[in-house]
Amino acid sequence: MAQCLGAVLGALALKAVVNSTIEDNFSLGGCTITVIAPGPNGPVTLALETAQALWLKIFCTFVLFFASIWMAYDHRQAKALGLVTALSIVGLVLGLLVFISTTVTSKRGYAGVGMNPARCLGPAIVRGGHLWDGHWIFWIGPTISGVAFYVYTEIIPPKHFQAKYGYKHDFVGVVKDLFGSNV
């Protein structure tokens, strides 16, 4: 909720200081699938295919989860590489994912894989319009990746993930603890 509110406030602040031409060209810093650009005979709609955008979100978010969980949260990796090196690798992977997602599509206005759907929500609420076209992709893609990564970690034998206290970030275990369930 705080990130969503922060994204809305940030988009409002950006709208207050940016002129309308820059706002139109960069969609107010929002996540775009569809871009409306000036053409020779009036406005032209340039769109990234929905399936391509969804698969990019799923794949890139899964790779980010894989790199960050196995590098930063696995105590063996962090200890062997050092915390600074492990986190630098995660940052490098994130930068490469955004670079790859923007160059693969090569569509004007597409901001690449946002990895944070709350960041896309603020400009969509403030500016509206075409920012809502395909906005669901920025929420569903990471959700599918999260579920896929969770399933992936559940099928890996525990001996391959030797965190000091087992699966500390196990979603089902956290939910059970929250609700005091014996399920």
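Over residues 80-100 the chain is 95% helix and 0% strand, with the end C-alpha atoms 28 Å apart. The model is a predicted one. Residues 136-153 are 94% helix and 0% strand, and here the end C-alpha atoms lie 26 Å apart.

A search of the whole structure finds 5 aromatic pairs. The ring centres of Phe62 and Phe149 are 5.7 Å apart and their planes meet at 70°, so this pair is edge-to-face. Phe62 belongs to helix H3 (residues 50-73) and Phe149 to helix H7, and the pair thus links parts of the chain 87 residues apart. Phe149 is buried because its relative accessible area, 7%, falls under 20%. Phe62, with a relative accessible area of 24%, is partly exposed.

Phe62 also forms an edge-to-face pair with Tyr152, at 6.0 Å centre to centre and 75° between the planes. Since Phe62 lies in helix H3 and Tyr152 in helix H7, this pair ties together parts that are 90 residues apart in sequence. Phe62, Phe149 and Tyr152 are among the members of one aromatic cluster, which also includes Phe65 and Phe66.

Helix H7 (residues 137-155) gives the most to the nonpolar patch, with 4 residues. Val151, found in helix H7, counts as partly exposed at 44% relative accessibility.

Key: Residues numbered from 1 in each chain as written. Predicted model: local features only at pLDDT ≥ 70, side-chain atom pairs only at ≥ 80, totals over all residues. Heavy atoms only, no water. Helix = DSSP H or I, 4+ residues; strand = E, 2+ residues; numbered from the N terminus. Buried < 20%, exposed > 50% of the residue type's maximum accessible area, 1.4 Å probe, protein only. Phe/Tyr/Trp six-rings, centres within 6.5 Å; stacked < 30°, edge-to-face > 60°.
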